[in-house]
Amino acid sequence: MISVVSLFDDLADGVYTLAFRLLRDRHLAEDAVQETFLAILRGRAPYRGDGPIAAWVYRIGYHQTIAISRRRRDVATESEALARIDDRTSPPADAAALERELARKLDLAINGLNPTLRAAFVLRDIEELSTREVAEILELSESATKMRLARARAELRDQLEGYLSEAHV
């Protein structure tokens, strides 16, 4: 049996990344991590052994994050996030500055995704979980997960296309 401490050591950063990407708030993401591991400690969702233990922890984290998101009232709208992406400033001249600017634009684009697409993208492409694990966490079929990933990637590509062609990256 794996201890909660070792689960925390191994998976807290990943749960935090998922929560932060969905909630866009450091403090709320920390709350989601705390609530996730409290739920595990209290046995609210016991591990049944029917999949990877990491997927079980991420699933609890995802549900805790969604619960926090529903309670939150000051969520930025998608249109506000997209408007920030379109603030076209002149691109920086040096490579390091270009890289920082691209990272900022990518973060804004990811934040602008619909939360269901963002969750799939973060788990698969940032946390590098398998498609099967992402499907288990989000309680979807693998084909539905692949569709969400394709939509997320297409939206990101569309949102970043103008910037990438301007910056010649």
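Mentor: The expected span of a helix is 1.5 Å times one less than its number of residues, and helices (H or I, at least four residues) and strands (E, at least two) are DSSP runs, numbered from the N terminus. By that rule, a straight helix of 20 residues would span 28 Å, whereas helix 1 (residues 4-23) spans only 24 Å between its end C-alpha atoms.

A word on the source is needed here. This is a predicted model, in which local features need pLDDT of at least 70 and side-chain atom pairs count only at pLDDT 80 or more, while totals for chains, interfaces and linings use all residues. Residues are numbered from 1 along each chain as its sequence is written, and side-chain values use heavy atoms, with hydrogens and water left out.

Let us return to helix 1. At Leu11, helix 1 bends by about 55 degrees; the bend at a residue is the angle between axes fitted to the seven residues ending there and the seven starting there. Just after helix 1 comes Arg24, with a positive phi of about 60 degrees.

Leu11 is also one of the buried residues of helix 1, which include Leu7, Gly14, Val15, Leu18 and Arg21. Buried means under 20% relative accessible area, exposed over 50%, and partly exposed in between (1.4 Å probe, protein chains only). Helix 2 (26-41), helix 3 (53-71), helix 5 (95-112) and helix 6 are among the elements that cover these buried residues.

Consider helix 3 in particular. Its axis and that of helix 1 come within 9 Å and cross at roughly 35 degrees; axes are lines fitted to C-alpha atoms, for helices over the stretch in contact, and angles run from 0 to 180 degrees between N-to-C directions. On the side of helix 1, the contact (heavy atoms within 4.5 Å) includes Leu7, Leu11, Gly14 and Leu18, and on the side of helix 3 it includes Trp56, Tyr58, Gly61 and Thr65. By class, the residues of this contact are 14 nonpolar, four polar and no charged. Here Ala, Val, Leu, Ile, Met, Phe, Trp, Tyr, Cys and Pro count as nonpolar, Asp, Glu, Lys and Arg as charged, and the others, Gly among them, as polar.

Of its 169 residues, 39% count as buried. Among contacts in the chain with a separation of 6 or more, 66% are between residues 24 or more positions apart.
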